[in-house]
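Open the model in your viewer and switch to a cartoon view. Keep the sequence panel at hand for making selections.

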Amino acid sequence: MKRLCIKTNTKIYDVQQLVDGVDLFKVEVSGCFYEVYKSSSGEWRLLYHLPNCRELPLESLGNMIDNEMLALHKGESREL
């Protein structure tokens, strides 16, 4: 499982991949927990969130997760 720290101008997202090879992630931001996944159509969707937590910017967060995972994958393939 991979762990990412995604920083924006206003937030820090602690992102953890729940299953290797599957686009299913636990996201923590400002004390709130979410589970998000990438559907087979390529759209990011919210699976779960704690009550009283704000809505996530799923499209932009999903793009950031995609970019970070791609960078990690490229780094791993260079090491092989």
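## A tour from loop to sheet

Select Asn52 to begin. This residue is exposed, at 82% relative accessibility, because the cut-off for exposed is over 50%. Keep in mind that the model is predicted. Asn52 sits in the loop that links strand S5 (44-49) to helix H1 (58-79). Check its backbone: phi is positive, about 65 degrees, although Asn52 is not a glycine.

Stay in this loop and select Pro57, which also lies between S5 and H1. Pro57 counts as partly exposed, at 36% relative accessibility.

In S5, Trp44 is the bridge partner of Lys38. S4 and S5 run antiparallel and are joined by 5 bridges.

Next, show all the strands. In what order do the 5 strands of the open sheet lie? The order is S1-S2-S3-S4-S5, with antiparallel pairing. Strand S1 (3-7) and S5 stand at the edges; each has a single partner strand, so one side of each lacks a neighbour in the sheet. Look along the sheet for the twist, which averages 30 degrees from one strand to the next.

Last stop: Ser30. Select the loop between strand S3 (24-29) and strand S4 (32-38) to find this residue. Is Ser30 buried or exposed? Ser30 is exposed, with a relative accessible area of 63%. Its phi is near 50 degrees, a positive value in a residue other than glycine.

Conventions
Residues numbered from 1 in each chain as written. Predicted model: local features only at pLDDT ≥ 70, side-chain atom pairs only at ≥ 80, totals over all residues. Heavy atoms only, no water. Helix = DSSP H or I, 4+ residues; strand = E, 2+ residues; numbered from the N terminus. Buried < 20%, exposed > 50% of the residue type's maximum accessible area, 1.4 Å probe, protein only. Pairing = 2+ DSSP bridges. Axes fitted to C-alpha atoms, helices over the stretch in contact; angles between N-to-C directions.
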